[in-house]
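Kindly read each point with the model in view.

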Amino acid sequence: MKPVLYAHPFSSYCQKVLTALYENGTDFEYRLLDHNDAETLLDFETRWPIKRFPILVDGDRQVMEATVLIEYLGLHYPGPVKLIPEDPDKAIEVRMLDRFFDNYVSTPQQKIVFNAIRQEADRDPYGVREARDMLERAYAWLDRHMEGRVWASGDTFTLADCAAGPFLFYADWTHAIDPALTHVHAYRKRLLDRPSFARAVDEGRPFRKYFPLGAPDRD
Ligand SMILES: N[C@@H](CCC(=O)N[C@@H](CS)C(=O)NCC(=O)O)C(=O)O
């Protein structure tokens, strides 16, 4: 029996989990959330009325939240790449950085994109300014953090890097990372060169025309 992933290839949170799956060559069934496939959408929305993806279904078990999917895969479908260190103390830093990328890079990035697809009257310029300010602070902190590092935590590729890949990818499209932040740019490039994340990016390529702010002609 294979775990079933309900996902879409252009979604950052799905790319986060796909990166983890590809790192370990984990076999899984891809259930594509396509707006033309009403049956799969209904199945997904019944399973998770919050309607945020991805989710993973493994027999009787259903797991939500991208980070937790990666935790679950590491426990039940372990592979050669340990995305969460076995040393619990090292794992704390990995989880902390995963939260950093989720809360302070992806959340403000999504806020700006969601705002752009609203009706004019429902837009929230103050919220967008706050989100841009948060991204500026997150980029600046990350630049100092990444100085002298290859990956976000420790010497190996971890859960935190699975998050960083898609979140920095779309964050830079949404609110450009200052060219002076060379450590962040080098890290983003390193992530794009990582075969697992590069594959996830390639699978999302056909959907770039749907990026609400307009996808730049790069990456
Ligand atoms: N907290 C969730 C967030 C997932 C999320 O925001 N997914 C986006 C796709 S990248 C989504 O479901 N968007 C659909 C919507 O907002 O209606 C996680 O960590 O998995």
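1. Two strands are said to pair if DSSP finds at least two bridges between them. In this predicted model, strand 1 (residues 4–7) and strand 2 (residues 29–32) meet that condition, pairing in the parallel sense over four bridges.

2. A second pairing deserves attention. Strand 3 (residues 55–58) and strand 4 (residues 61–64) are joined by four bridges, here in the antiparallel sense. Within this pair, L56 has V63 of strand 4 as its bridge partner. The two strands form a hairpin with two residues between them. In the turn, G59 has a positive phi of about 65°. As background for inspecting side chains, in a regular strand they alternate between the two faces of the sheet.

3. Is S12 buried or exposed? This residue is found in helix 1, which spans residues 12–23. S12 is buried because 22 other C-beta atoms lie within 10 Å, and the cut-off for a buried residue is 20 or more.

4. Which residues does S12 touch, leaving aside those up to four places away in sequence? They are S106, P166, F167 and Y170. By way of a further distance, the C-alpha atoms of S12 and M146 are separated by 21 Å, the two residues being 134 residues apart along the chain.

5. The residues around the ligand are S11, S12, Y13, K51, R52, F53, E65 and A66. By class, this shell divides into three nonpolar, two polar and three charged residues.

6. Finally, the domain records should be read beside the model. An unreviewed UniProt entry places the feature "domain: GST N-terminal" at residues 1–81. Over that range the chain is 41% helix and 20% strand, and the end C-alpha atoms are 21 Å apart. The feature "domain: GST C-terminal" is placed by UniProt, also in an unreviewed entry, at residues 87–213. Over residues 87–213 the chain is 70% helix and 0% strand, with the end C-alpha atoms 41 Å apart.

Notes:
Residues are numbered from 1 along each chain as its sequence is written. This is a predicted model: local features need pLDDT of at least 70, side-chain atom pairs count only at pLDDT 80 or more; totals for chains, interfaces and linings use all residues. UniProt positions are given in the numbering used here, feature names are shortened, and annotations may be inferred rather than shown by experiment. A residue is buried if 20 or more other C-beta atoms lie within 10 Å of its own, exposed if 12 or fewer, and partly exposed in between; C-beta atoms are placed from the backbone. Two residues are in contact if their C-beta atoms, placed from the backbone, lie within 7 Å. A residue is near a molecule or strand if its C-beta atom, placed from the backbone, lies within 6 Å of it. Ala, Val, Leu, Ile, Met, Phe, Trp, Tyr, Cys and Pro count as nonpolar, Asp, Glu, Lys and Arg as charged, and the others, Gly among them, as polar.
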